[in-house]
Amino acid sequence: MIPRERCTYSAIVDRPPLKLPNQARIVVWTIVNLEFWSISRAMARQVLPAPTGVVLVPDVPNWSWHEYGMRVGVWRFFDLFARLGIRPTLSINARVCREYRRVARAAREAGWEFMGHAWEQMPIHKVDDQAEMITRSLDTLARFAGTRPVGWLGPGLTETYETPDLLAAAGIRYIGDWVYDDEPTEIRTTYGPLITLPYSVELNDIPMMLVQHHESAYFTQRCIDSFERLYSEGAERAKIMAIAIHPYISGQPHRIKYLEAVYEYINRHDGVLHWNGVEILDWYLAAKAEP
Amino acid sequence: MLPSERLGFSPIGQRTKLELPDGARLAVWVIVNVEEWDPTQPMPRTVLTPPAGGATMPDIPNWAWHEYGNRVGYWRMLEVLDHFRIRAVLAINGSAIQRYGPIARAALERGWEFIGHGFSQRSMQKVADERDDICRTAAAIRDFTGRPPRGWLGPGLTETWETPDLLVEEGFEYVCDWVLDDQPVRLKTRTRPIVNLPYTQECNDVAMMLIQHHKASEYYDLAIDQFEQLYHDAAQSARFHGIGGAPLHHGRAASAPIFSRRARPHPRPFERAVLDRRRNPRLVRGAAENRVRASPAHSFELRSEPAGLVDKVAQRPAGKETPAIVENNFVAPVVEVGAVSRGMRR
């Protein structure tokens, strides 16, 4: 099904405003992404292309750069969110539960929400049997976390035309791949409706740092600028601001303070809720059901 | 036809002085680009590459990222332009008029000028039948607005060797793809000449945010620098300042391209770039209808009648490059050079 068959165009100004509880204006949705990069394939991202730009396998320098995030960077995240009392959504390649058990356990113990993020980090287009991979990933996460995930984010947000149908069939209730709105929306699948939550490719360290090559400090500025506008708009209608981070990028020593500064700024405001994906989903479904 | 056959070389300092009405120096025109991205084709631009690079089909995340501009971002830009009472030029894909009806209706209600921007967002070198694409685009605009479009901006400014010829033959009077001057120029075609208006790849969020990857506030800085220099240059002969933006950019945080947009949802740099430069009432001179009024809102009076300069230019004999201004132009307030930077710049 192409996107237009799942959902028609809708201008945000033409919808009745959604309201948050207790006059809150904005939900901040933090998503930490944990990935498994197979050394037998080209690396998902590169900080250092090989001389002359060719793709090498194995690509040890870039593999180890990602590995830094799991060994060191992610522990800066755990510290930060424990201090703040925030329990983010964990977008996790299911294979991480096996290969980086220590990290996954820390997230489970901290009460983070586990969100499906494929088996390992490669475009979903290249997975031979997508339905099988989705089931295997969700089964693995369910066994590890004790609850079956209701959310899903494609690896690199990738989808084929069938993906939403396969996800709905596997029991997924919300996805983050459709970064097309400030509000949750409902899309059609062959297995009933699926909710999209406003994940972000703007407040996201991959596009910002690895694609656009911004300076470390710009992360804070962009988040503050976005927050200001959304917070002001939040007086009229509920707004959701997603912040998407990766330990091998934002967990670097020269970047972590700029992430910390974002939350320091946000938490000076009243009317801010730090919710995870399933909390946003439950609120949205209830709000929509109201007459 | 080769570019050199369409127009001769002409240094800007050696032309007849070009004058705007009421002693104005500079015309600013804001072009808002609204596009429809076909989800079954490769995306025209991307914010996120797939893991391990390459291009995936379908490309849902980048399709959705663009769609954000039309669902959310456009409406922020509208707020900015409404606040300053600026009538923009809407460069719109023919297919987008139906697809994004509320967007086209909002522009029509505000009296914006509609110009053709291809029937869909793909290179003019890739469309099966270029004339047919141009005709369908013109028809979509005519059917919706009641008037045929007079102007054209190629999708991504793309042209074939034949594009200007086809545009004239299908009734277009100006094109914006030739960013080779600060003044309008005339291009020869195999029939009548066509005017080229100075659009911009510089003060443009696609180039700035998606290709050069500037931070959002650079849009503001660049626009102000551009304005100051053009304003200075305009002491000799009128100048034209284009401001190009797409909802997917500027409707976000930082003017990517305003909407960059590229940062997320705040059009502030765009807003400031468009507006701050003409907001100081102290600097307003004269009472011409199209000058800024010194009201608290610093509102902007727009001329009610088209300037009609495109017509005048088109009637002049070929061979001499003469300027035109766009139908919905507005004229910048008369400010002293440098005044903009005093106390207004961050």
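In this predicted model, helix 2 of chain A and helix 4 of chain A are roughly parallel to each other, because the angle between them is about 5° and angles under 35 degrees count as roughly parallel. Their axes lie 11 Å apart. Helix 2 of chain A spans residues 60-84, and helix 4 of chain A spans residues 101-109. On the side of helix 2 of chain A, the contact is made by A:Met70, A:Val74, A:Trp75 and A:Phe78. Helix 4 of chain A contributes A:Arg102, A:Val103, A:Ala106 and A:Ala107. By class, seven of these contact residues are nonpolar, none is polar and one is charged.

These helices belong to a chain with 10 helices and nine strands. Chain A has 291 residues, and 62% of them count as buried. Its C-alpha atoms fill a box of roughly 55 × 45 × 40 Å along the principal axes. The radius of gyration of chain A is 19 Å, which agrees with the value near 19 Å for a compact globule of 291 residues. Among contacts between residues at least 6 apart in sequence, 72% join residues at least 24 apart.

In chain B, strand 8 covers residues 239-245. Seven of its seven residues are buried, so the strand is largely enclosed by the rest of the structure. In a regular strand, side chains alternate between the two faces of the sheet. Both faces of strand 8 of chain B are covered. B:Arg239, B:His241, B:Ile243 and B:Gly245 are buried on one side, and B:Phe240, B:Gly242 and B:Gly244 are buried on the other. Strand 8 of chain B pairs with strand 1 of chain B, residues 26-34, in the parallel sense over seven bridges. Within strand 8 of chain B, B:His241 stands opposite B:Val28.

Terms used:
Residues are numbered from 1 along each chain as its sequence is written. Chains are lettered from A and ligands numbered from 1 in the order in which they are written. This is a predicted model: local features need pLDDT of at least 70, side-chain atom pairs count only at pLDDT 80 or more; totals for chains, interfaces and linings use all residues. Side-chain values use heavy atoms; hydrogens and water are left out. Buried means under 20% relative accessible area, exposed over 50%, partly exposed in between (1.4 Å probe, protein chains only). Helices (H or I, at least four residues) and strands (E, at least two) are DSSP runs, numbered from the N terminus. Two strands pair if DSSP finds at least two bridges between them. Axes are lines fitted to C-alpha atoms, for helices over the stretch in contact, and angles run from 0 to 180 degrees between N-to-C directions. Angles under 35 degrees count as roughly parallel, over 145 as roughly antiparallel, 65 to 115 as roughly perpendicular and the rest as oblique. Contact means heavy atoms within 4.5 Å. Ala, Val, Leu, Ile, Met, Phe, Trp, Tyr, Cys and Pro count as nonpolar, Asp, Glu, Lys and Arg as charged, and the others, Gly among them, as polar. The radius of gyration is taken over C-alpha atoms; the globule rule is 2.2 Å times the number of residues to the power 0.38.
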